[in-house]
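Dear colleague,

Please find below the structure that I am handing over to you. My findings follow directly after it.

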Amino acid sequence: MAALGIVVLPGTPAAAAPADLVVEYECVASGANSIVRNGPVRLKTNLTFATDLVVGDPLNFTWKLHYANDSRLQSPGYFPEGGQVHGTGNVQLTSSWQGILQPKGSADPEGPLRPDGHLSLPETMNDPGLTDKPGTITVTPKDIELDFTPPDGSVVVNDGDDADNPSDMGIVYSSGWISLDDRPGSENHVHNDLHQTEQIGASAELTFIGTGVEYIGPTDKDAGPVDIYIDGTKRARVDPSRSDDDVPVNDDMDGGQTLWTSAPLTYGEHKIKIENASNKPAWLDAFRVTTNTSKTPTGYHGAKCNLVSSPVSVVVTVRDKSGPTGTQSPSVSPSVSNSPTNTSTTSPTSSPSGTHTNPNNRTTDIGLGRVIVVPSATGTSSATATPKATGPTATKYYRAQVANTPKGGVDSGEAPDREDRPYGLMAALVIGGAGGGLLLRRRRAAHAGGAL
């Protein structure tokens, strides 16, 4: 059976007929340093919205994201507390409205992160728009874009891997270094330890992601000069035995001093290396990595999530405030006409131009309004019969001017009929959705009675 194409839900109270699309996605890397690091990540999402509105009601999308299996988005590097994953969905609107709505959401801030640490998804994405005229809106979910924003600030990268080291980053040392642990607190070293070398050419380096870095160590009257490289290029030579105005110091291991600070760096992965330029002692206490989130390019850690199967569309009806208009007919019949008055016909042998006449189509009165399920691929059938509306095609949606996102729709106050139960329809929906990896769930109001 072909995957579902368009599901039309006219004439149904919004409180009784929300659409709940269950759509699966596969996320792949799209940024230079993506949060998709070890193969595709699968998501299972629920996109919910009302299908019957009155002019002025919000067309509000609620999009919930979940991991579909044990694959996860992962941290692209070492970061202190506060990093977040952000999501932007894309919902295409056609028919009486033309455009794209983009529900947005953010995950809770993360704790301290190290490479490949698991990341949380945004729980919900929202984007309400106000309807300003009667008509129909064909809603089709599209791709989802994810990105990671690092925390704004700095983190100290110490020599060791101590339990109280918040960054837990490792500095790579060449031969010729020794570790000096448990130094007196009066020397002010980070975590009271540091590394020392008296070998010319001995080096220590750190790979980091950020927008700046500092070299921290002691000033000492016996220290020798140290060369500093950023991304393989020599940037400076510092001499911890002399002050900023080139006067010899009289210090003995005065630790925790910022000996050098980089110029602002383009956000991304960088490497700092210090190298002993003499046979005199050189020390490394720590590096401090800084991140300015205002310089973080959008999409640098990005991921793009694509539909696993063919998209499904749902038609939303927007009625005039005065009540049902000529844009729809309350009667139920096996086919739909696209005549100017948009009334339904019951002729089984003929249909107007634009009417879907595939005998495999089913029209079922489920007591909540008429539901027409149109397969996306059918032999020689003609175009899908979708209610048409007049008016301009320019985008006519607006953001709600309230802090809280409105939910649901307008309840008609009338309970729907209960004679028929849509067992045949539900079988068609489940079988059709299984072939395409998509499932459309119809909810019923509590007062409707019965169970779907």
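A disulfide is counted here where two cysteine sulfur atoms lie within 2.5 Å of each other. Please bear in mind throughout that this is a predicted model.

**The disulfide**

By that rule, the count comes to 1 disulfide. The bond is formed by C27 and C305, whose sulfur atoms are 2.0 Å apart. The link of C27 and C305 is right-handed, with 100 degrees about the S-S bond. Because C27 belongs to strand β2 (residues 18–29) and C305 to strand β23, the pair ties together parts that are 278 residues apart in sequence. As for accessibility, C27 is buried, with a relative accessible area of 0%, and C305 is buried as well, with a value of 0%. In general terms, a disulfide is a covalent bond between the sulfur atoms of two cysteines.

A search of the whole structure finds 12 salt bridges, and several of them are described here. Side chains of opposite charge can pair when their charged atoms come close.

K304 forms a salt bridge with D143, with 3.5 Å between the closest N and O atoms. K304 counts as partly exposed at 35% relative accessibility, and D143 counts as partly exposed at 23%.

A salt bridge also joins the side chains of K271 and E205, at 3.6 Å from N to O. Here again distant parts of the chain are linked, since K271 is in strand β20 (residues 268–276) and E205 is in strand β15 (residues 203–210), 66 residues apart. K271 is partly exposed, with a relative accessible area of 35%, and E205 is partly exposed, with 25%.

The salt bridge between K221 and D252 has its closest N and O atoms 2.1 Å apart. Both partners are in loops: K221 in the one between β16 (212–219) and β17 (226–230), and D252 in the one between β18 (233–238) and β19 (254–261). The two residues are 31 residues apart, and their pair links distant parts of the chain. Is D252 buried or exposed? At 51% relative accessibility, D252 counts as exposed, because the cut-off for that class is over 50%. K221, at 38%, counts as partly exposed.

Finally, D227, K234 and R237 are linked in a network of salt bridges.

**An open sheet**

An open sheet of 3 strands has the order β13-β14-β21, and its pairing is antiparallel. β13 (177–180) and β21 (282–284) stand at the edges with a single partner strand each, so one side of each is left without a neighbour in the sheet. On average, neighbouring strands of this sheet are turned by 30 degrees against each other, direction ignored. Strand β14 (residues 194–197) is joined to β21 by 3 bridges, and the two run antiparallel. Within β21, A282 is the bridge partner of T197. Strands of a sheet pair through backbone hydrogen bonds, either parallel or antiparallel.

**Two buried residues**

F287 lies in strand β22 (residues 286–291) and counts as buried, at 0% relative accessibility. Which residues does F287 contact, leaving aside its neighbours within four places in sequence? The contacts of F287 are V155, V156, V157, I171, L206, V213, E214, Y215, I216, I272 and I274. One of these, I272, is 15 residues from F287 in sequence and 9.0 Å from F287 in space, C-alpha to C-alpha.

S203 lies in strand β15, the strand that also holds E205. S203 counts as buried at 15% relative accessibility, because the cut-off for that class is under 20%. Not counting residues up to four places away in sequence, S203 touches V172, Y173, S174, W177, K273, I274 and E275. S203 and L284 are 81 residues apart in sequence, while their C-alpha atoms are 9.9 Å apart in space.

With kind regards

Note on methods. Residues are numbered from 1 along each chain as its sequence is written. This is a predicted model: local features need pLDDT of at least 70, side-chain atom pairs count only at pLDDT 80 or more; totals for chains, interfaces and linings use all residues. Side-chain values use heavy atoms; hydrogens and water are left out. Two strands pair if DSSP finds at least two bridges between them. Helices (H or I, at least four residues) and strands (E, at least two) are DSSP runs, numbered from the N terminus. Axes are lines fitted to C-alpha atoms, for helices over the stretch in contact, and angles run from 0 to 180 degrees between N-to-C directions. A salt bridge is a side-chain nitrogen of Lys or Arg within 4 Å of a carboxyl oxygen of Asp or Glu. Buried means under 20% relative accessible area, exposed over 50%, partly exposed in between (1.4 Å probe, protein chains only). Contact means heavy atoms within 4.5 Å.
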